[in-house]
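Subject: Structure for you to look at

Hello,

I am handing over a structure that I would like you to read through with care. My notes on what was found follow after it.

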Amino acid sequence: MDIQSIKTLMELQALQTISGTNSNSASPSVFSSMVDDLLQSELTDATKNAASLLNSYSSMASADSLAISPKNYLDAFLLEGQANTTIDQYLNDYTGQSGYENVLAGASSYSETIAQAANTYNVPEKLIAAIIKQESNFNPNAVSTAGATGLMQLMPSTAKFLGVTDPTNPEQNIMGGAKYLRQMLNQFDNDIEKALAAYNAGPGNVKKYDGIPPFNETTNYVKKVLNYYRT
């Protein structure tokens, strides 16, 4: 997993946490710079120099532009409240290295393609796996009553738009689904919940309701995918 993918993963975690705690937007440049410095340093234990690293960015954050302090950033997204968590362990939990266990074990069969899609479209590998679990339970030949097909359940019109010619082909389907997920993330400012809702119910409905549409199927879908992702 390359540096850009790791950075994007952390940024998605950051944006998701912020959207759930405060309506103010965070300064992406501050967080990006912090992640760059953290990754370019040779830290294996994220707690070793965390205080000094974060303190150097504190002056860059203002109440108007940053709703949560840099220290809380690291606690929430990198350490996830575990004082002894290392960067390597954090990444293992969110990539195919050790992320495909228990309910996501079926993703192991597609780990190379998932990794390729994650790197190509800058989305977390485990998030792709979580969507596949919910959409098809890792069955490449799954077809819904509405006609959605394959691992990431692409509708015929969506598959055509994404350039997918054979939606039952695992590689084409995963690459197409990840591309569509990235489009939804871009459209909704990297808000994972809104992007997942758009993946399920369409971006038009998310815009109409200014958030997750009040459809039982969609609310349950978002909840289940996030549960798989955070398992």
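What percentage of the residues in the protein chain is buried, where buried means under 20% relative accessible area with a 1.4 Å probe and protein chains only? Of the 231 residues in the protein chain, 48% are buried.

Before going further, please note that this is a predicted model, in which local features need pLDDT of at least 70 and side-chain atom pairs count only at pLDDT 80 or more, while totals for chains, interfaces and linings use all residues. Residues are numbered from 1 along each chain as its sequence is written, and side-chain values use heavy atoms, with hydrogens and water left out.

The protein chain has 12 helices and zero strands, these being DSSP runs (H or I, at least four residues, for a helix; E, at least two, for a strand) numbered from the N terminus.

One of the helices, H7, covers residues 125-136 and reaches 17 Å from its first C-alpha to its last, which is close to the 16 Å expected at 1.5 Å a residue, taken as 1.5 Å times one less than the number of residues. H7 is mostly covered, with 11 of its 12 residues buried, and among them are Glu-125, Lys-126 and Lys-133 as well as Leu-127 and Ile-128. After H7 comes Asn-137, whose phi is positive, near 55°.

Contacts (heavy atoms within 4.5 Å) were also counted: of those in the protein chain with a separation of 6 or more, 54% are between residues 24 or more positions apart.

Best wishes

Terms used:
Buried < 20%, exposed > 50% of the residue type's maximum accessible area, 1.4 Å probe, protein only.
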